[in-house]
Amino acid sequence: MTILIKGGTVISSTGADLAEVLVDGETIVALLSPGSDLAVSAEGGAEKVIDATDRYVIPGGVDVHTHMSLEAGGSVSSDDFDTGTKAAAWGGTTTIVDFAAQTFGENVRECYDARLAEADGECHIDYSFHMVLGDVNDASLKEMDLLVNEGVTSFKLFMAYPGVLMSDDGQILRAMQQAAGNGGLIMMHAENGLAIDVLAEQAFERGETGPVNHGYVRRAEFESEATHRAIQLAKVGAAPLYIVHMSASEALEQVAIARNNGANVFAETCPQYLYFNLEDHLDQEGFDGAKYVCSTPLRTKHEHHQDDLWTGLRTNDLSVVSTDHCPFCMKEQKDLGINDFRSIPNGIGGVEHRMDMIYQGVTQGEISLARWVELCSTTPARMMGLYPKKGVLQPGSDADIVVYNPNHSWTISVDNHHMNLDYSAYEGITVPGKVETVLSRGKVIVEDETYSGGKGHGQFVRRGLSSYLI
Ligand code: URP
Ligand code: ZN
Ligand code: ZN
């Protein structure tokens, strides 16, 4: 099918242009000047014309940190590949990179194959995987090389969760050395897990059992120390480093120092760390704070972590916004920790709201329109080896396109979201813009408040090496 998107303003990571986007089949074939001969004849020949007057036309969102059906803390995250990717599409995200995970004692290849099979035929939008290495040993190091050749070019390591996922410094260094050799990107969950567990146990023994204690014991110092350590190890291992879900100013400072010294160190943050805080969200009467239990945790408002993160997004010390979408229902999931914050499954569902929440940063004067697209689409695609297939509107790229109405405010609620989640962490927030039309590889999947996608449309994407490293 040929589709012409006309009348809109195309926003890219470098600016805004009045342009018409011509799609043939699954691919963008041209960007045309409005009113030009080519545009007029394209309109005559197109099978479908989408009127984007007064709208922004942007590359589909690329969310490089999601957890569909993640097994954690005795629960499984409540969105599977079907429900989670459909919700992502509603929110203007057209590609996700999720995780396949090896935990201690498991075989990397078996874990990867099982995850690939789990997602096969289930996704509404294109998807790919990072590989979690929870047991770095000779066999897993060899598998890293094979996976890179199969399009799995990034590997997440944990400095937290001892006994389950945590790697010690020697293992981290070995994985970094391997990545330096095979071109992979090491992603790091940077929190000092052993130290956190000491404080968590002490808090529990003092009878401090509520959700807010999750935030108190996962101290900013522990995020900052682990970030610093990861950076030093990456320097010795001569490997690039991407730090996930950054929430603390002190950790961001470590990244800024490293980058100022020329290191290939990158970091992402997530909407929850920009808009939520410990005092208002985690520290609530009763058990409602459990809705906001995630790791790294929400940080205090009075110490201005949120402002510092916005600054980092402007300076590029934070180069990506992902969601770390990891939803657990309050009923029968979060409530496992009603008497002990250590048993609350960690994670917040937000895959549907990233484009809107970060657009709100534009209207609040925190970032530019171009930076919105860069943070949510172009840089994640480049960082994770998806570019220029994804993350950009240019001839030859996949026709993953969002028509965004910047003048349609609406209020987020559990009653109107599409995630399989019995609450919304974003309940009651009125966002200034709305995703109106979504194309995934040339297929219109959201239009006129109606969903016309389907599971199985989404394809696995073999990724190349990070554009930042070649
Ligand atoms: O709380 C979180 N972030 N849960 C998902 C797992 C992780 O560490 O990213
Ligand atoms: Zn993590
Ligand atoms: Zn995560």
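**Burial terms.** I call a residue buried under 20% relative accessible area, exposed over 50%, and partly exposed in between, using a 1.4 Å probe and protein chains only. By that rule His67 and Asp324 are both buried.

**Ground rules.** I noted that this is a predicted model, in which local features need pLDDT of at least 70 and side-chain atom pairs count only at pLDDT 80 or more, while totals for chains, interfaces and linings use all residues. Residues are numbered from 1 along each chain as its sequence is written, chains are lettered from A and ligands numbered from 1 in the order in which they are written, and side-chain values use heavy atoms, with hydrogens and water left out.

**Zinc ion (ligand 3).** I looked up the donors, meaning N, O and S atoms within 2.8 Å of the metal (3.2 Å for Na, K and Ca); water is not among the atoms, so sites may look incomplete. His65 (NE2), His67 (NE2) and Asp324 (OD) coordinate the zinc ion (ligand 3) at 1.9 to 2.1 Å. I then checked the geometry: four donors count as tetrahedral if all angles lie between 85 and 135 degrees. The site of the zinc ion (ligand 3) is tetrahedral, with angles of 88 to 130 degrees among its four donor atoms. The spacing of its donor residues in sequence is H-x1-H-x256-D.

**Zinc ion (ligand 2).** Which residues coordinate the zinc ion (ligand 2)? I found Lys156 (NZ), His189 (ND1) and His245 (NE2), at 2.1 to 2.2 Å. The zinc ion (ligand 2) lies 4.0 Å from the zinc ion (ligand 3). Because Lys156 lies in strand S13 (residues 154–158) and His245 in the loop between strand S15 (241–243) and helix H9 (249–260), the pair ties together parts that are 89 residues apart in sequence. Lys156 is buried, at a relative accessible area of 2%, and His245 is buried too, at 1%.

**Backbone.** I went back to His245 and found a positive phi, near 30 degrees, in a residue other than glycine. Glu449 also has a positive phi, near 60 degrees; Glu449 lies in the loop between strand S22 (443–447) and strand S23 (450–451). Glu449 is exposed, with a relative accessible area of 55%. I also looked for cis peptide bonds. One runs from Ser295 to Thr296, with omega near -5 degrees, and Thr296 lies in the loop between helix H11 (278–282) and helix H12 (305–315). Another joins Tyr387 and Pro388, with omega about 5 degrees; Pro388 lies in the loop between helix H14 (369–383) and strand S18 (401–405).

**Tyr404.** Tyr404 is in strand S18 and is buried, with a relative accessible area of 0%.

On a 1 Å grid over the protein atoms alone, a cavity is a set of points where a 1.4 Å probe fits but cannot get out, and a pocket is an open set with protein on both sides within 12 Å along at least five of seven lines; lining residues have an atom within 4 Å of a point. Grid points are joined across faces, edges and corners, and a volume is the space filled by probe spheres set on the points. My search of the whole structure found one cavity of 30 Å³ or more, and the largest cavity holds about 40 Å³. Where does the largest cavity lie? It lies between domain 1 (2–59 + 393–451) and domain 2 (61–383), because both give residues to its lining. The domain bounds come from an automatic or database domain assignment.

**Pockets.** The largest pocket has about 1,100 Å³ of space. Its lining counts 46 residues, with Glu71, Ala72, Gly73, Tyr161 and Leu165 nearest its centre. H6 gives the most to this lining, five residues. The second largest pocket has a volume of about 270 Å³.

Methods
Tetrahedral: all angles 85-135°; square planar, octahedral: opposite > 155°, others 65-115°. Helix = DSSP H or I, 4+ residues; strand = E, 2+ residues; numbered from the N terminus.
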